[in-house]
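Please have the sequence and the structure at hand while reading.

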Amino acid sequence: MEKIGYLGPYGSYSSIAAEKMRPKAELSAYQSFPQLFSSLVSGETDAIVIPIENTLNGGVLQNIDLLQATEGAYATEECVIKIDHRLAYKAGADKSGIKNIYSHAQALEQCSKYLFENFPKARLIPTASTAASLEKIITEADAGVVGAHTKKDGLILSPCNIADEDGNFTHFLLVKLTVLPETARSEKIYFSVTCANRSGALLLILERISVHGLNMTKIESRPIKNAPDEYRFFIETEGDYSSARVKSALADIRKITNSFKLLGCY
């Protein structure tokens, strides 16, 4: 049976994405994203599910860096999960007495307006995942930001989504250690490039994407470690990897970059 790793514990948004993408697989929870990638490299898991982008916070930078750094790792599938955050607290607690609010750092950020307006003096304390915050709700002074699907005896959830925006979605990728076949079909291509640090260098890359008729759906930059003022660009375009047109485009882009790495076809 295929073994799939995700950021746990069970009940996290990552576990929901893993179940959606691999409903019949054996699912295993890990405590951090580096542990997830380590499980993939060691062969402990056959694939891992990672969040890569949120519509409120943008890219999940740690996972972008880990995907870039892990040789042989490719994203082969994508799914999108609607995020519905609720405040969890002890049944019968007076919410005005809440002093500590736990959750994943991104969830706390996505609900920052609500938390500031309603709990301006509360401490916001990051946990490994939204689901992990449940174990931190011990007294009536504790609360957590969790998914609307969450259930635990003795806790109640706020009746409404507390995120700053209701249209909050997270993109997840299924990542494997694999060799992509030349015939791999896809709707999107994800790759990274570096280019010369001079005027117009990035524009040349974008022009090649346009010339080959590829629709760019995402671009973001990350600083390169130990190289001040140098950046790596992460680009996603629409395209079928198996098509000759896409192969030609990628080869053309590779020629004018300092480095090129294919990160996924999904």
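## A bridge from helix 3 to a loop

In this predicted model, Asp65 and Lys225 form a salt bridge whose closest N and O atoms are 4.0 Å apart. Asp65 belongs to helix 3 (residues 61–69), while Lys225 lies in the loop between strand 13 (216–223) and strand 14 (231–238), so the bridge ties together parts 160 residues apart in sequence. Lys225 has a relative accessibility of 65% and therefore counts as exposed.

## A bridge between two loops

Glu135 pairs with Lys152 in another salt bridge, with 3.6 Å between the closest N and O atoms. Glu135 is found in the loop between strand 8 (123–127) and strand 9 (142–147), and Lys152 in the loop between strand 9 and strand 10 (155–157); the two residues are 17 apart.

Glu135 is exposed, at 56% relative accessibility. Lys152 is partly exposed, with a relative accessible area of 34%.

## A bridge between two helices

The salt bridge of Asp252 with Arg208 has its closest N and O atoms 2.8 Å apart. Asp252 is part of helix 7 (residues 244–255) and Arg208 part of helix 6 (residues 201–211), so this pair connects parts that are 44 residues apart in sequence.

Asp252 has a relative accessible area of 18%, which is under the 20% cut-off, so Asp252 counts as buried. Arg208, at 26% relative accessibility, is partly exposed.

Across the whole structure, the search finds 14 salt bridges.

Terms used: Residues numbered from 1 in each chain as written. Predicted model: local features only at pLDDT ≥ 70, side-chain atom pairs only at ≥ 80, totals over all residues. Heavy atoms only, no water. Salt bridge = Lys/Arg side-chain N within 4 Å of Asp/Glu carboxyl O. Helix = DSSP H or I, 4+ residues; strand = E, 2+ residues; numbered from the N terminus. Buried < 20%, exposed > 50% of the residue type's maximum accessible area, 1.4 Å probe, protein only.
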